[in-house]
Amino acid sequence: MSEQKYNPSAESVDPTMSPEEIEAAQAAQAEDELSILKAELAELKAKSADLADQYLRAKADVENMRRRTEEDIAKARKFGIEGFAESLLPVADSLDAALSIQNATAEQLREGSDATLRQLTSALERNKVLAINPAAGTKFDPHQHQGISMVPADQEANTVVSVLQKGYMIADRVLRPALVTVAAPK
């Protein structure tokens with residue numbers, strides 16, 4: 001008895017066909033299946049190549065964006081103070097002009113100093129650097145004030161008596177706390 005393998009394509013073969021015709025039909029069917037598989041393989045290879053190309057392009061775009069971002073950050077660090085420096089140039093010019101006057105009177109020096117201080121204060125405010133200068137009687141705030149000493153005073157305890165040195169803050173960050181004397185408890 002010869003062993004026959006199950007062939008699903010044999011079920012669709014006409015029983016009146018000769019073995020040679022059956023073999024030819026099976027070969028033709030296998031050839032058709034092979035050509036279909038080859039076409040599918042070619043299609044999948046094309047899709048794979050397309051996806052690989054898209055991946056490489058996306059990877060290059062991300063790398064370019066990372067490089068540009070690093071360059072922008074480096075420029076921001078390098079030139080971030082440029083606007084602030086430009087706003088201080090008139091202050092430097094005023095100081096140079098004051099120093100170039102040989103025989104200035106005390107009154108002229110005082111007026112020039114006041115004008116220069118106004119320029120400096122204006123430049124700081126334009127760049128969001130604000131003075132911390134609490135009024136007497138303001139509650140002591142350890143986040144903005146640095147108490148230098150406690151003095152007896154006719155006001156509520158733990159309030160500012162006087163400011164020894166202004167403080168400064170930029171946005172919500174304290175650059176330097178105000179140096180103050182604080183009212184001692186009675």
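Student: How many helices and strands does the protein chain have?

Tutor: There are 3 helices and 6 strands in the protein chain, and bear in mind that this is a predicted model. Reading from the N terminus, the order of elements is α-α-α-β-β-β-β-β-β.

Student: What share of the 186 residues is buried?

Tutor: A residue counts as buried when its relative accessible area is under 20%. In this protein chain, 12% of the residues are buried. The accessible surface comes to about 14,800 Å², and carbon and sulfur atoms hold 57% of that.

Student: In what order do the strands of the open sheet lie?

Tutor: The sheet has 3 strands in the order E2-E6-E3, with mixed pairing. Strand E2 (145–151) and strand E3 (160–165) are at the edges with a single partner strand each, so one side of each has no neighbour in the sheet. On average, neighbouring strands of this sheet are turned by 30 degrees against each other, direction ignored.

Student: How many bridges join E3 to strand E6?

Tutor: There are 4 bridges between E3 and strand E6 (residues 178–183), and the two run antiparallel. To find a facing pair, look at Gln165, which stands opposite Leu179 in E6.

Conventions
Residues are numbered from 1 along each chain as its sequence is written. This is a predicted model: local features need pLDDT of at least 70, side-chain atom pairs count only at pLDDT 80 or more; totals for chains, interfaces and linings use all residues. Side-chain values use heavy atoms; hydrogens and water are left out. Two strands pair if DSSP finds at least two bridges between them. Axes are lines fitted to C-alpha atoms, for helices over the stretch in contact, and angles run from 0 to 180 degrees between N-to-C directions. Buried means under 20% relative accessible area, exposed over 50%, partly exposed in between (1.4 Å probe, protein chains only). Accessible areas come from the Shrake-Rupley method with a 1.4 Å probe; for residues, only the protein chains shown count as cover.
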